[in-house]
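Subject: Structure for your reading

Dear colleague,

Please find the structure below, together with its sequence. My notes on what was found follow directly after it.

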Amino acid sequence: MGDENWNAGLARDDGPIEPVDLRTDQPHPARVYDFLLGGKDNYPADRAAAELGMSRSPEVRDIALANRAFLRRAVTDVARSGVRQFLDLGTGIPTSPNVHEVAQSVYSGARVVYVDNDPIVSAHARALLASAGTTNLVQADLRDIDAILDHPGTQRLIDFREPVAVMMVAILHHIPDESDPRGIAQRLMERAAPGSHLVVAHLGADLAPEKAKGVSAAAAQQGITLLPRDRSVIESFFDGLEMLDPGLVRLPLWRPNGPDDPEAGDVAKVWSYGGVARKP
């Protein structure tokens, strides 16, 4: 990945980023996820955390892959519906094809703002940001909605008077209840124009209760918040919105590319929900 302390002066709308210790001796969700997806931007601590999670539920890697496949299908469908701008929250380390690549395959002028609070994501976003002025990265905490929406980097590319797709794929289960994940989703959609979409993927506690508890406990051992939730709780994130068919379902069941779509994932192995809703 390069130097652990980087100082490339990544150009952002609020100035260069200062050198940051990436603490590669500690696991981080973005790097753990990268390992599960077969990426190379991870370290022994991340691989150990992933292996511990898989020891509690071998399907953890299947879920990670199903998340990415769901994201690609959702972005494609939303872009085909006419949405031309995307706000991807908790983007993690860029993995191709990413949101901008998928969206721009439908509409070449699609604009994407990626949001993450981790400097390692910023480091890897240097190549991503080189894309013809249609993508940007905002380094901010998901819980600080105003900082995200009012950031110059967001304002430059996202016009909230027009429909926007708010992407929250595999991020809300990292937000504890006291930080009000439902409120975060609602506040984001309050600022969005009619015709905007909310895309959510979230681990389902009620789909595999014992495995969910085991994976959550394993993550806690590594200092990572990971909270699978019941379907009824995840549904509440979409309050006030119109769910698109087929509703909130296991990830492989959300509009697969045919009855035998190999990328969608194995329903029996994927205990995670996905859904897309439209703001009326």
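Asn-98 is buried, because its relative accessible area is 3%, and the cut-off for a buried residue is under 20%. As with everything in this message, that value comes from a predicted model. Asn-98 belongs to the loop that runs between S3 and helix H4 (99-106). Setting aside neighbours within four places in sequence, Asn-98 is in contact with Arg-68, Asp-88, Thr-91 and Tyr-114.

Is Pro-262 buried or exposed? Pro-262 has a relative accessible area of 75% and is therefore exposed, since exposed means over 50%. Pro-262 sits in the loop between strand S9 (249-250) and strand S10 (272-278).

The chain as a whole

The protein chain has 10 helices and 10 strands. Of its 280 residues, 54% are buried. Consider next the contacts between residues at least 6 apart in sequence: 70% of them join residues at least 24 apart.

Strands S4 and S5

Strand S5 (residues 135-139) is mostly covered, with four of its five residues buried. S5 pairs with S4 in the parallel sense, over five bridges. To follow the pairing on the screen, please look for Val-115, which stands opposite Val-138 in S5.

The nonpolar cores

In soluble globular proteins, nonpolar side chains tend to be buried together. Here the largest nonpolar core has 48 residues. Which of them touch the most other members? They are Phe-70, Val-75, Phe-86, Met-167, Val-169 and Val-199. Helix H3 gives the most to this core, with 10 residues. Another core, of 33 residues, lies apart from it and includes Ala-140, Val-166, Ala-185 and Ala-277.

Not counting residues up to four places away in sequence, Met-167 touches Leu-71, Val-75, Phe-86, Leu-87, Asp-88, Leu-89 and Val-199. Asp-88 is also among the contacts of Asn-98.

The largest pocket

Rolling a probe the size of a water molecule over the atoms shows where empty space is left. The largest pocket has a volume of about 1100 Å³. Its lining is formed by 49 residues, and those nearest its centre are Pro-29, Ala-30, Ala-170, His-174 and Ile-224. The elements that give two or more residues to this lining are helix H1 (29-36), helix H2 (44-56), helix H3 (60-80), strand S3 (85-89), strand S4 (111-116) and helix H9 (209-221). By type, the lining residues divide into 29 nonpolar, 13 polar and seven charged.

Ser-216 is found in helix H9. This serine counts as buried, because its relative accessibility is 17% and the limit is under 20%. Beyond residues up to four places away in sequence, Ser-216 touches Leu-226, Leu-227 and Pro-228.

Points of backbone geometry

Ala-170, one of the residues nearest the centre of the largest pocket, has phi near 60°, a positive value in a residue other than glycine. Ala-170 lies in the loop between strand S6 (165-169) and helix H8 (181-191). With a relative accessible area of 13%, Ala-170 is buried.

Asp-180 lies in the loop between S6 and H8, and its phi is likewise near 60°, a positive value in a residue other than glycine. Is Asp-180 buried or partly exposed? Its relative accessible area is 42%, so Asp-180 is partly exposed.

Finally, a cis peptide bond joins Asp-245 and Pro-246, with omega at about 10°. Pro-246 is placed in the loop between strand S8 (242-243) and S9.

Yours sincerely

Note on methods. Residues numbered from 1 in each chain as written. Predicted model: local features only at pLDDT ≥ 70, side-chain atom pairs only at ≥ 80, totals over all residues. Heavy atoms only, no water. 1 Å grid on protein atoms, 1.4 Å probe; cavity = no way out; pocket = protein on both sides within 12 Å on 5 of 7 lines; lining within 4 Å. Points joined across faces, edges and corners; volume = space filled by probe spheres on them. Nonpolar A, V, L, I, M, F, W, Y, C, P; charged D, E, K, R; others polar. Buried < 20%, exposed > 50% of the residue type's maximum accessible area, 1.4 Å probe, protein only. Contact = heavy atoms within 4.5 Å. Pairing = 2+ DSSP bridges. Core = buried A, V, L, I, M, F, W, Y, C linked by side-chain atoms within 4.5 Å.
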